[in-house]
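Some notes on this model follow, as numbered points. Please read them with the sequence and the coordinates open.

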Amino acid sequence: MDTGLNPTHSQIADFLTDNIISEITFYLMEDFGYPLEKALDTVYSSHVLDLLQHKDGELYVQSPSYVYELLLKEKGMQVVNETVNRNR
């Protein structure tokens with residue numbers, strides 16, 4: 001039975017993208033002690049975000065920790081004392 005609640009590919013991509021943005025923002029706050037505004041600025045000013053939002057590239061199907069590693073490499077950042085294992 002079709003309930004009409006089947007999300008479109010675009011809706012799924014948007015949901016996954018938003019989740020990754022949320023997670024990597026939290027990772028920056030946790031790993032670097034960034035306040036929310038600085039963490040969001042770091043994410044939103046990155047080339048990784050452009051790649052993530054490009055739906056044909058399907059980076060949004062990767063794990064948040066993978067995308068976080070890409071962001072760290074882009075920004076030349078390194079986590080010194082990793083307190084949480086994110087299965088990197």
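1. Isoleucine 20 has a relative accessibility of 1% and therefore counts as buried, the cut-off being under 20%. This is a predicted model, and the values below should be read accordingly. Isoleucine 20 is part of helix 1.

2. What does isoleucine 20 touch, leaving aside its neighbours within four places in sequence? Its contacts are Leu52, Leu59, Tyr60, Gln62, Pro64 and Val67.

3. The largest nonpolar core comprises 20 residues. Those with the most contacts inside this core are Ile24, Leu28, Val43, Leu52, Val67, Tyr68 and Leu72. At least two core residues come from each of helix 1 (9-32), helix 2 (36-44), helix 3 (47-53) and helix 4 (64-75). Helix 1 gives the largest share, with six residues. As general background, nonpolar side chains in soluble globular proteins tend to be buried together.

4. Valine 43 is among the core residues with the most contacts inside the core. With residues up to four places away in sequence not counted, valine 43 touches Ile21, Ile24, Thr25, Leu28, Leu49 and Leu71.

5. Helix 4 consists of 12 residues. From its first C-alpha to its last, helix 4 reaches 16 Å, close to the 16 Å expected at 1.5 Å a residue. Its buried residues are Pro64, Ser65, Val67, Tyr68, Leu71 and Leu72. Viewed down the axis of helix 4, these buried residues lie within an arc of 155°, so they line one face of the helix. The cover over the buried residues of helix 4 includes helix 1, helix 2 and helix 3.

6. Two backbone angles deserve a look. Glycine 76, which follows helix 4, has a positive phi, near 65°. Glutamate 58 also has a positive phi, of about 55°, although glutamate 58 is not a glycine.

7. Where is glutamate 58 found? Glutamate 58 sits in the loop between helix 3 and helix 4. Is glutamate 58 buried or partly exposed? Its relative accessibility is 38%, so glutamate 58 counts as partly exposed.

Technical notes
Residues are numbered from 1 along each chain as its sequence is written. This is a predicted model: local features need pLDDT of at least 70, side-chain atom pairs count only at pLDDT 80 or more; totals for chains, interfaces and linings use all residues. Side-chain values use heavy atoms; hydrogens and water are left out. A nonpolar core is a set of buried Ala, Val, Leu, Ile, Met, Phe, Trp, Tyr and Cys residues joined through side-chain atoms within 4.5 Å. Buried means under 20% relative accessible area, exposed over 50%, partly exposed in between (1.4 Å probe, protein chains only). Helices (H or I, at least four residues) and strands (E, at least two) are DSSP runs, numbered from the N terminus. Contact means heavy atoms within 4.5 Å. The expected span of a helix is 1.5 Å times one less than its number of residues. The arc is that of the directions from the helix axis to the C-beta atoms.
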